[in-house]
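Subject: Structure for you to look at

Hello,

Here is the structure I promised to pass on. Please open it first, then read my notes below.

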Amino acid sequence: MLSYSSSILIALAAVLVPCHALSKCPGISGLPGIPGRDGLKGLSDSLAAKRHNALANLKHRLFQLESVLALNGEIRKVGEKIFASNGKKADFASALQSCEEVGGTLAAPRNEEENKAIMDIVKQHNQYAYLGIRKGETSGQFKYINGMPLNYSNWHQHEPNSKGREKCVEMYTDGTWNDKKCNMYRLTICQL
Ligand code: MAN
Ligand code: CA
């Protein structure tokens, strides 16, 4: 026997499933804020207000969640970017894959502040980390994973020194960079 609340959920799902985009929905009478076929102007205004409010609440809750993660040292926030590690060591390709699986990419600092945030994580784990930077196939220049040229660098003295043999880049615990072979085990740090 179905409970009362599951019956309501099923009924709601039956109404909502064929109607993904709200703008394409026919009027559904009896649901709050969704006008029937009359489409009264006042109702659509209050729907807009409710959506605006719901969005503001979501943003606030997200901000609180990110703040707790940052407070616990699980993430670093710099502007719109979040840096985070799974604490695991992996070769470059596996580390990149782990980051992409969660909708991110390997961390690549674009300025001193981002470099410092990534360095904090490297220090926290006391492990060198691969950066999301590698030698381009044709140019031989170091680039971001997306193919764009570097707009910031923090090479260690005398690096890069391999003349092409080391196609990946690791960050040392002092935040400086070294070109390095891609098949080492290095800390995975992602940006999201
Ligand atoms: C090792 C490697 C190189 C690095 C030198 C620095 O040989 O890690 O990538 O340039 O050390 O002495
Ligand atoms: Ca090197």
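Let me start with K81. This residue sits in strand β2, which covers residues 81–90. K81 counts as buried, because its relative accessibility is 16% and the cut-off for buried is under 20%. Its contacts, leaving aside neighbours within four places in sequence, are R76, A108, R110, E114, Q191 and L192.

Please keep in mind that this is a predicted model.

**Overall layout**

The protein has 192 residues, and 32% of them count as buried. It contains 4 helices and 8 strands. Along the sequence they come in the order α-α-β-β-α-β-α-β-β-β-β-β. Take the contacts in the protein with a separation of 6 or more: 60% of them join residues 24 or more positions apart. The accessible surface is about 12,500 Å². Carbon and sulfur atoms hold 56% of that surface.

A polar atom of the N111 side chain lies 2.8 Å from the backbone nitrogen of E114. N111 itself is in the loop between β3 (105–106) and α4. It is partly exposed, with a relative accessible area of 31%. N151 is 40 residues away along the chain, yet the two C-alpha atoms are 8.0 Å apart.

Next, N115. This residue belongs to helix α4, residues 112–125. Is N115 buried or exposed? It is buried, since its relative accessible area is 5% and buried means under 20%. Not counting residues up to four places away in sequence, N115 touches P109, Y152, N154, M171, G175 and W177.

**The calcium ion**

Ligand 2 is a calcium ion. Which atoms coordinate it? The donors are E159 (OE), N161 (OD1), E166 (OE), N178 (OD1), D179 (O) and D179 (OD). Their distances run from 2.2 to 2.7 Å. Along the chain, the donors follow the spacing E-x1-N-x4-E-x11-N-D.

E159 is buried, at 17% relative accessible area. N161 is partly exposed, at 40%.

**Ligand 1**

What surrounds ligand 1? The residues are E159, N161, E166, N178, D179 and K180. By type, this shell holds no nonpolar residues, 2 polar and 4 charged.

- E159: a polar side-chain atom is 2.6 Å from an oxygen atom of the ligand.
- N178: an N or O atom of the side chain is 3.0 Å from an oxygen atom of the ligand.
- D179: a polar backbone atom is 2.9 Å from an oxygen atom of the ligand.

On its own, ligand 1 has 310 Å² of accessible area, and the protein covers 52% of it.

Best wishes

Note on methods. Residues are numbered from 1 along each chain as its sequence is written. Chains are lettered from A and ligands numbered from 1 in the order in which they are written. This is a predicted model: local features need pLDDT of at least 70, side-chain atom pairs count only at pLDDT 80 or more; totals for chains, interfaces and linings use all residues. Side-chain values use heavy atoms; hydrogens and water are left out. A residue is near a molecule or strand if one of its heavy atoms lies within 4 Å of it. A polar contact is a pair of N or O atoms within 3.5 Å; within protein, one must be able to donate a hydrogen and the other to accept it, and residues adjacent in sequence count only if both atoms are side-chain atoms. Accessible areas come from the Shrake-Rupley method with a 1.4 Å probe; for residues, only the protein chains shown count as cover. Ala, Val, Leu, Ile, Met, Phe, Trp, Tyr, Cys and Pro count as nonpolar, Asp, Glu, Lys and Arg as charged, and the others, Gly among them, as polar. Donors are N, O and S atoms within 2.8 Å of the metal (3.2 Å for Na, K and Ca); water is not among the atoms, so sites may look incomplete. Buried means under 20% relative accessible area, exposed over 50%, partly exposed in between (1.4 Å probe, protein chains only). Helices (H or I, at least four residues) and strands (E, at least two) are DSSP runs, numbered from the N terminus. Contact means heavy atoms within 4.5 Å.
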